[in-house]
Amino acid sequence: MLNGNAEILMTEDFDPTAVVAEPLPPPFAENREIVLGKNVHTTCLEITEPATNDEFTGDKDAFMASVLARYRTTLLERTKHHLGYPYNLDFDYGALSQLQHFSINNLGDPFIESNYGVHSRQFEVGVLDWFARLWEIEKNEYWGYITNCGTEGNLHGILVGREVFPDGILYASRESHYSVFKAARMYRMECEKVGTMISGEIDCADFKVRLLANKDKPAIINVNIGTTVKGAVDDLDLVIQTLEECGFHDRFYIHCDGALFGLMIPFVKRAPKVSFKKPIGSVSVSGHKFVGCPMPCGVQITRMEHINALSRNVEYLASRDATIMGSRNGHAPIFLWYTLNKKGYQGFQKEVQKCLRNAHYLRDRLRDAGISAMLNELSSTVVFERPLDEEFVRRWQLACQGNIAHVVVMPNVTIKKLDDFLDELVEKRSTWYQDAKVQPPCVAADVGSENCFCTLHK
C-alpha cells in the first residue's frame, strides 16, 4: 500500500488493451513429471482493499473495469486460436442476460420442488425430456438431472451401477476419460483396464478374456461414445454380445460416456444407435461441448428403476435428492433449453455434417503436406503428429499425448481457421525439420502404419 491506496492502482505501464501472455510449460519430455504446487501460473490478479476515499474518486471501479476490458481482449485472442479442446464457442445468449441478476439454484431432485423458489426446474425437465426422446426412453421410465460437468455424469452413472451391483467390477478401456478411473478410486471399486485397438476403440477380445476371468462377479461397463484423444466410438452392440456370450446376461450395467459425441452420433448416418431400447443403464453428455453452453454442465439420464437405491429424503429442502452435487447451477438448464429450442434436431444435424466435412478436409490437407494424420470414421477429432514447438502447441491450444496431438473440429471451427492453422504448421514444420538430424516422430504405434508418414512408413 502507498499513501493509503493500493500500489496496483498507481501502475503507470498498465495497458487495458494488451493481451496477457501466459507462461509456457517447460519443453516436452516423454515422462515429464507434473509436481503439485509447482505448476501454477506466475501471473496473478491481486485482490486489494478499497481506498478510504474510493467512494468519491471511483479509482477502484475504473481499475477493475480496465482489468476486465483487458481480460476480454485476451479471451477474444485465445478464442481465435482455439482448436484442441471440444468446446463449441459459436453461441449468442444475449437474450438471457436479463436473468443474470438472479441466484437460480436447482436444489435436489429435478422432479420434486423444494422450499427454495428461485429455480429453473421447468426448463431442466424440458431439456431432460428432449434427451429422453433422443435416447428412446419413455418419460415415466427415466430419471435424470443436469450436472455441473461431464465428469459428474460419469461419476453418477458409475455410482448407479455400483449401487445396482455392489460387488461389481468396473470395466473400461484404457482410452476412457480419466474421470472413469477417478470414479473407481472414489468408490473403492475393483477396476479392469481393457485394451484398445489402434483406433482407440475397446478391444472386445481382451474384454472377453477379462470377463471370463471374473465370472463370479457382475460387470459394470463404461462404454465410450467418443474417446478423449482419438474420438473412437466403442461398439455398444458388440460389448453387449460379448457380455451375453460370457454368460453375464442380467448381471451387467452399462454406462455410456457420450461427453462430446453422444449428441453427434444420433445425427450421423449409419452410426450405431445409443438407445435405452438396448440393455444400457445410463447415458451422460456434456452441455458445454457440442451444444455450446458458456458454463460447464451436462446431462445424465438413467432408468427410474435404478434410482431408488440412491434417492434420499432431505427435510431441510422438503425434497428428495439422488444427485451427486446438492446445489446445481440453475442457469445452465435455461441456456440448454434456449439452444435446443433454437436449433432443434435439424439444426444439430446440419452442424454435425459440417463438423465431419471439415474434419475430413483437415485430415486430407495434413496428409497432402506429408504430415501423419488419422480420423476415425464417426469422429470429428483429427489426430496427427505432435508439433515440435511447445509455443506453437500453446498458441493453438492443442491437446497432446505422447507423440500425438489432436484438433477437435467443432461448429465454430471454419475452413479459414483450419487453413490459418495448416499454413502456420507447414511453415513452422519446415524450420523444425530443416536439419536432417531431426526427423518427425514415428506415430505408427498411435495411429497405424497406414496413417504414419515418417521416414520408415512413407
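Predicted model: local features only at pLDDT ≥ 70, side-chain atom pairs only at ≥ 80, totals over all residues.
The chain has 458 residues, of which 52% count as buried. Its secondary structure comprises 12 helices and 13 strands. The accessible surface amounts to about 22,900 Å². Carbon and sulfur atoms contribute 52% of that surface. Contacts were also examined by sequence separation. Among those between residues at least 6 apart in sequence, 71% join residues at least 24 apart.

Four strands make up an open sheet, ordered β10-β11-β13-β12. Their pairing is antiparallel. Strands β10 (373–375) and β12 (399–401) lie at the edges, and each pairs on one side only. On average, neighbouring strands of the sheet are turned by 25° against each other, direction ignored. Helix α9 (residues 331–368) packs on this sheet. The helix touches β10, β11 (381–385) and β13. Its direction makes about 160° with that of β10. Ala-399 has His-406 of β13 as its bridge partner.

A nonpolar patch occurs on the surface. It is formed by Phe-102, Tyr-116 and Val-118. Together these residues have about 260 Å² of accessible area. Phe-102 sits in the loop between α2 (59–80) and α3 (121–134). Phe-102 counts as partly exposed because its relative accessibility is 48%, and that class lies between the cut-offs of 20% for buried and 50% for exposed.

Key:
Residues numbered from 1 in each chain as written. Heavy atoms only, no water. Patch = residues over 30% accessible without salt bridge, like charges linked within 9 Å, V, L, I, M, F, W, Y side chains within 5 Å. Areas by Shrake-Rupley, 256 points an atom, 1.4 Å probe, with all protein chains shown as cover. Salt bridge = Lys/Arg side-chain N within 4 Å of Asp/Glu carboxyl O. Helix = DSSP H or I, 4+ residues; strand = E, 2+ residues; numbered from the N terminus. Buried < 20%, exposed > 50% of the residue type's maximum accessible area, 1.4 Å probe, protein only. Pairing = 2+ DSSP bridges. Axes fitted to C-alpha atoms, helices over the stretch in contact; angles between N-to-C directions. Contact = heavy atoms within 4.5 Å.
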